[in-house]
Amino acid sequence: MKIDVLTLFPKMFEGFLSESIIKRAIEQKLVKINVHNIRDYTLDPHKKVDDYGFGGGKGMVLMPQPIFDAVNKFKTDDSYVILMTPQGNTYNQKKAYELTTKKHIIIICGHYEGFDERIRTLADEEISIGDYVLTGGEIPSMAIIDSVTRLIDGVIEKESHENDSFNDNLLDYPVYTKPVDFRGMKVPDVLLSGHHENIRKWRYERQLEKTKQRRPDLIEKR
Ligand code: ADE
């Protein structure tokens with residue numbers, strides 16, 4: 001999979017792309033991620049990318065030209081263009097799985113007060129990562145890249161994400177490591193029993209219990 005990110009703040013991605021699982025996935029060529037500075041695509045002699053909104057109101061609005069030209073440069077028949085905005089479809093694990101089927105994703109990160117409405121016409125989909133407003137689409141785009149990349153075959157062991165929270169609309173079961181007794185808090189006996197069927201049942205029951213308690217809305221979806 002290839003991902004092209006269009007942003008005014010490419011440096012925000014440096015740490016994210018150079019650590020841990022994402023770094024390894026890039027090194028192993030399981031995903032190719034390019035971050036492009038929108039400013040490099042402006043035709044304005046002063047490298048301007050935003051201006052005041054018509055009709056008044058505070059804040060600067062991203063102009064369409066640099067973003068149209070950047071998208072058109074990278075877009076092919078295989079591209080899926082996503083615009084990060086709090087007004088988009090709310091992101092979830094199902095959408096993350098859906099995006100793993102795309103060959104090429106282009107992500108447009110808005111910033112400041114907003115972007116010219118005509119930029120929306122470039123997008124196949126607008127995505128929000130939740131009902132709160134960030135200063136820009138950079139962190140939301142990283143959330144998407146991270147959650148999609150870990151699902152790509154070979155990035156992490158399949159078993160690690162088969163039991164993820166939200167698969168089958170259930171939260172994940174609790175896990176424990178050493179020591180067996182930590183300051184009086186003990187690992188449940190069943191996990192030490194070696195009885196795989198009992199462990200599987202116990203985990204499923206805990207998933208149901210936790211989901212009913214914390215996310216009854218997910219139970220309804222099942
Ligand atoms: N840009 C600012 N806030 C956002 C959000 N919640 N989701 C996606 N993009 C955003």
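This is a predicted model: local features need pLDDT of at least 70, side-chain atom pairs count only at pLDDT 80 or more; totals for chains, interfaces and linings use all residues.
## Nonpolar cores

The largest nonpolar core has 27 residues, and Ile3, Leu99 and Ile144 are the members that touch the most others. At least two residues of this core come from each of the strands β1 (2-7), β5 (79-90) and β6 (104-109), and likewise from each of the helices α1 (14-17), α2 (20-27), α4 (93-99) and α5 (138-149). Helix α5 supplies the largest share, 4 residues. In soluble globular proteins, nonpolar side chains tend to be buried together.

Leaving aside residues up to four places away in sequence, Ile144 is in contact with Met84, Tyr91, Leu99, Ile107 and Ile127.

## Ligand site

The residues around the ligand are Met84, Thr85, Pro86, Ile127, Ser128, Ile129, Gly130, Tyr132, Val133, Leu134, Gly136 and Pro140. By class, 8 of the shell residues are nonpolar and 4 are polar, while none is charged. Strands β5 and β8 (125-128) each contribute at least two residues to the shell. The contribution of β5, at 3 residues, is the greatest. Two of the residues that surround the ligand, Met84 and Ile127, are also touched by Ile144.

For Ile129, a backbone N or O atom is 3.0 Å from a nitrogen atom of the ligand. For Gly130, the distance from a backbone N or O atom to a ligand nitrogen is 3.2 Å. A polar backbone atom of Leu134 is 3.0 Å from a nitrogen atom of the ligand. On its own the ligand has 270 Å² of accessible area, of which the protein covers 96%.

Tyr80 belongs to strand β5. Its relative accessible area is 16%, so Tyr80 counts as buried, the cut-off being under 20%. Not counting residues up to four places away in sequence, Tyr80 touches Leu99, Lys102, His104, Ile105, Ile106, Asp124 and Glu125. Of these, Leu99 is one of the residues with the most contacts to other members of the largest core.

The side chains of Tyr80 and Glu125 are joined by a polar contact of 2.7 Å. Between Tyr80 and His104 the C-alpha to C-alpha distance is 6.2 Å, although the two residues are 24 positions apart in sequence.

## Backbone features

A cis peptide bond runs from Lys178 to Pro179, with omega near 5°. Pro179 sits in the loop that connects α6 (158-162) and β9 (181-182).

Ser20 is part of helix α2, whereas Arg183 lies in the loop between β9 and β10 (185-186). With a relative accessible area of 54%, Ser20 is exposed. Arg183 is exposed as well, with a relative accessible area of 73%. Both classifications follow from the cut-off for exposed residues, over 50%.

Conventions
Residues are numbered from 1 along each chain as its sequence is written. Side-chain values use heavy atoms; hydrogens and water are left out. A nonpolar core is a set of buried Ala, Val, Leu, Ile, Met, Phe, Trp, Tyr and Cys residues joined through side-chain atoms within 4.5 Å. Buried means under 20% relative accessible area, exposed over 50%, partly exposed in between (1.4 Å probe, protein chains only). Contact means heavy atoms within 4.5 Å. A residue is near a molecule or strand if one of its heavy atoms lies within 4 Å of it. A polar contact is a pair of N or O atoms within 3.5 Å; within protein, one must be able to donate a hydrogen and the other to accept it, and residues adjacent in sequence count only if both atoms are side-chain atoms. Accessible areas come from the Shrake-Rupley method with a 1.4 Å probe; for residues, only the protein chains shown count as cover. Ala, Val, Leu, Ile, Met, Phe, Trp, Tyr, Cys and Pro count as nonpolar, Asp, Glu, Lys and Arg as charged, and the others, Gly among them, as polar.
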